[in-house]
Amino acid sequence: MRVERVCRVCGRGISWRRKWSRDWDNIQYCSDACRSRGLTRRDMDVEQAILELLERRAVDTSICPSEVARTLFADGDWRAEMERVRMAARRLQRAGRIEIMQRGHSVDPSRAKGPIRLKLRQFGAIQA
């Protein structure tokens, strides 16, 4: 049985490949780029900033990833850091901490294209 894998760095799903059949249990990264990049302290700070911004808001509100980038990287080029924020959001969504939304609906972070919103996951809420 093939268990779905999620990249430790970018949070995207990892597709099973035949060449990995003998080593599937040890696969942790979706690409050589993610393997070489790794997770940094800065990546963890971005995750923490997302959670802090969401906790300061009303329960049913969401934030744009650009708000996180502008907050953390105000002195530099925050647009260059948007992919770092999106990767952190995907990791948090896969961990069950937040939801990634498009047009008011939760979406798969590996397939989301275009503008997204981040919302704190409501524990105990009944899902329809």
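Which residue in S6 is the bridge partner of Ile100? The partner is Leu118, and we'll come back to that pair once the rest of the fold is in place.

First, some ground rules. What you're looking at is a predicted model, where local features need pLDDT of at least 70, side-chain atom pairs count only at pLDDT 80 or more, and totals for chains, interfaces and linings use all residues. Residues are numbered from 1 along each chain as its sequence is written, and side-chain values use heavy atoms, with hydrogens and water left out.

Let's start with the overall picture. The protein chain has four helices and six strands, where helices (H or I, at least four residues) and strands (E, at least two) are DSSP runs numbered from the N terminus. The C-alpha atoms fill a box of roughly 45 × 40 × 25 Å, taken along the principal axes. Of the 128 residues, 38% are buried; that means under 20% relative accessible area, with exposed being over 50% and partly exposed in between (1.4 Å probe, protein chains only). If you take the contacts (heavy atoms within 4.5 Å) between residues at least 6 apart in sequence, 44% of them join residues at least 24 apart.

Now for the helices. H2 covers residues 41-56, and its 16 residues reach 23 Å from first C-alpha to last, close to the 22 Å expected at 1.5 Å a residue. That expected span is 1.5 Å times one less than the number of residues in the helix. The buried residues of H2 include Val46, Ala49, Ile50, Leu51, Leu53 and Leu54, but Asp43 and Glu47 are on the list too. As a set, the buried residues of H2 pack against helix H1 (32-37), strand S3 (62-63), helix H3 (65-72), helix H4 (82-94), strand S4 (98-102) and strand S6 (117-120).

H4 is the next one to look at. Its 13 residues reach 18 Å from first C-alpha to last, close to the 18 Å expected. This helix is mostly covered, with 10 of its 13 residues buried.

Leaving aside its neighbours within four places in sequence, Gln93 is in contact with Ile98, Glu99, Ile100, Val107 and Pro109. Gln93 and Gly11 are 82 residues apart in sequence, yet 8.4 Å apart in space, C-alpha to C-alpha. Just after H4, Gly96 takes a positive phi of about 85°.

For two strands to count as paired, DSSP has to find at least two bridges between them. S3 and S6 are joined by two bridges, and Ser62 stands opposite Lys119 in S6.

On to S4 and S6, which run antiparallel and are joined by four bridges. Here's our opening pair again, Ile100 with Leu118, and Ile98 stands opposite Leu120. In S4, five of its five residues are buried. In a regular strand the side chains alternate between the two faces of the sheet. In S4, Ile98, Ile100 and Gln102 point one way while Glu99 and Met101 point the other way, and all are buried.

Finally, S4 pairs with S5 over two bridges, in the antiparallel sense. Met101 has Ser106 as its bridge partner, and Gln102 has His105. The two strands form a hairpin with two residues between them, and Arg103 in the turn has a positive phi of about 55°.
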